[in-house]
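We'll take a slow walk through it, stopping at a few spots along the way.

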Amino acid sequence: MEDYFVKLVLWGVISWTAAFLFIRKIFSNRSFEFSNRIVSTIHATLAVTLASISVEDWSCPVCPLASKSTTLQMQTMAVSLAYLIYDLVCCLFDYSQVNLDNTIHHLVSIVGLVAGLAYQKCGSEMMGTIWITEISSPFLHWRELLKELGYIDTGLNLTADILFAVIFTIARMIVGPCLTFVTLSVNNPFLIKAMAFGLQIVSAFWFYKIARMVSYKLSKWASKKAV
């Protein structure tokens with residue numbers, strides 16, 4: 001990994017941390033998690049934007065396969081890697097956010113991005129992965145932010161739940177497996193292939209949990225309307 005990208009990751013960690021402290025100061029009456037979710041929403045929006053800009057041909061968004069990464073793709077990986085390092089450490093300070101599946105997701109993503117930067121290869125697949133994993137994130141954080149703002153068990157909160165579930169399902173359980181198959185099929189480094197497979201397993205587990213959550217929320221909403 002070139003010194004430039006190492007420095008970019010370090011500055012990224014510092015920048016995400018500074019952003020959190022700034023937002024924490026503004027929303028000092030809100031929880032630790034509230035400020036962190038705002039930072040996470042900013043990252044998701046930025047990551048999806050950068051990944052979209054890096055696409056060379058929208059008729060085949062992940063082409064060329066197994067190719068040398070462009071500078072923009074490497075920069076996008078560095079920005080997301082910095083965020084994931086910040087967020088992993090941040091979660092350790094908020095015990096409500098510490099759970100095994102979330103920690104595994106962070107570690108798999110971090111190792112995958114480090115591998116992408118180190119090999120300087122498969123940038124198109126990496127951008128596709130970032131796009132797929134982050135496109136539903138704003139809706140995930142929106143539903144949690146709404147709860148703290150007092151909109152729990154409301155139509156607005158249910159809408160956020162459903163939007164998150166639908167976008168997550170399309171991205172991670174329809175598009176995701178296709179991207180994983182492509183990544184495993186071409187001449188990519190073994191570590192990147194392993195991380196792609198691991199991330200898909202975590203996504204499948206989360207899909208199961210999300211499906212149960214949505215089923216519960218819809219049943220609860222139906223019961224509320226029937227009263």
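What follows is a short tour, from one end of the chain towards charged pairs and helix contacts.

Before setting off, keep in mind that this is a predicted model.

Let's begin with helix 1, which covers residues 3–26. Arg-24 sits in this helix, and with a relative accessibility of 28% Arg-24 counts as partly exposed. Which residues does Arg-24 touch, leaving aside its neighbours within four places in sequence? They are Arg-30, Ser-31, Phe-32 and Ser-35. Now look for Ser-52. Arg-24 and Ser-52 are 28 residues apart in sequence, and from C-alpha to C-alpha they are 30 Å apart in space.

Next, move on to the loop between helix 2 (32–53) and helix 3 (71–92), where you'll find Pro-64. Is the peptide bond from Cys-63 to Pro-64 cis or trans? That bond is cis, with omega near 0°. Ala-66 belongs to the loop between helix 2 and helix 3 too, and its phi is near 50°, a positive value in a residue other than glycine. Why point these two out? Most peptide bonds are trans, and most residues other than glycine have a negative phi.

Gln-120, a residue other than glycine, has a phi near 55°. You can find Gln-120 in the loop between helix 4 and helix 5 (123–134). Is Gln-120 buried or exposed? Gln-120 is buried, with a relative accessible area of 18%, and the cut-off for buried is under 20%.

Now for the charged pairs. Side chains of opposite charge can pair when their charged atoms come close. How many salt bridges does the structure hold? There are 6 of them, and we'll visit some.

Start with Asp-101 and Lys-209, whose side chains meet in a salt bridge at 3.4 Å, N to O. Asp-101 lies in helix 4 (residues 100–119) and Lys-209 in helix 8 (residues 190–226), so this pair ties together parts of the chain that are 108 residues apart in sequence.

The next stop is Asp-161, which has a relative accessible area of 1% and is buried. What does its side chain pair with? One partner is Arg-143, in a salt bridge of 2.4 Å, N to O. Since Asp-161 lies in helix 7 (residues 155–185) and Arg-143 in helix 6 (residues 137–148), the pair ties together parts that are 18 residues apart in sequence. Arg-143 is buried as well, with a relative accessible area of 7%.

Asp-161 also forms a salt bridge with Lys-217, at 2.7 Å, N to O. Here Asp-161 of helix 7 meets Lys-217 of helix 8, so the parts tied together are 56 residues apart in sequence. Lys-217 is buried, with a relative accessible area of 15%. And the story goes beyond these pairs: salt bridges that share partners join Arg-143, Glu-144, Lys-147, Asp-161 and Lys-217 into one network.

With helix 6 and helix 7 in view, let's see how they pack. How do their axes run? They come within 8 Å and cross at roughly 160°. That angle makes helix 6 roughly antiparallel to helix 7, because angles over 145 degrees count as roughly antiparallel. The crossing of helix 6 and helix 7 is left-handed.

Who makes the contact? From helix 6 come Phe-139, Leu-140, Trp-142, Arg-143, Leu-146 and Lys-147. From helix 7 come Leu-156, Asn-157, Ala-160, Asp-161, Leu-163, Phe-164 and Ile-167. Sorted by class, the contact has 9 nonpolar, 1 polar and 3 charged residues.

One last stop in helix 7 is Thr-180. Thr-180 counts as buried, at 10% relative accessibility. Leaving aside its neighbours within four places in sequence, Thr-180 is in contact with Ala-196, Phe-197 and Gln-200.

Definitions and conventions
Residues are numbered from 1 along each chain as its sequence is written. This is a predicted model: local features need pLDDT of at least 70, side-chain atom pairs count only at pLDDT 80 or more; totals for chains, interfaces and linings use all residues. Side-chain values use heavy atoms; hydrogens and water are left out. A salt bridge is a side-chain nitrogen of Lys or Arg within 4 Å of a carboxyl oxygen of Asp or Glu. Helices (H or I, at least four residues) and strands (E, at least two) are DSSP runs, numbered from the N terminus. Buried means under 20% relative accessible area, exposed over 50%, partly exposed in between (1.4 Å probe, protein chains only). Axes are lines fitted to C-alpha atoms, for helices over the stretch in contact, and angles run from 0 to 180 degrees between N-to-C directions. Angles under 35 degrees count as roughly parallel, over 145 as roughly antiparallel, 65 to 115 as roughly perpendicular and the rest as oblique. A crossing is left-handed if the near helix is turned anticlockwise from the far one by less than a right angle, and right-handed if clockwise. Contact means heavy atoms within 4.5 Å. Ala, Val, Leu, Ile, Met, Phe, Trp, Tyr, Cys and Pro count as nonpolar, Asp, Glu, Lys and Arg as charged, and the others, Gly among them, as polar.
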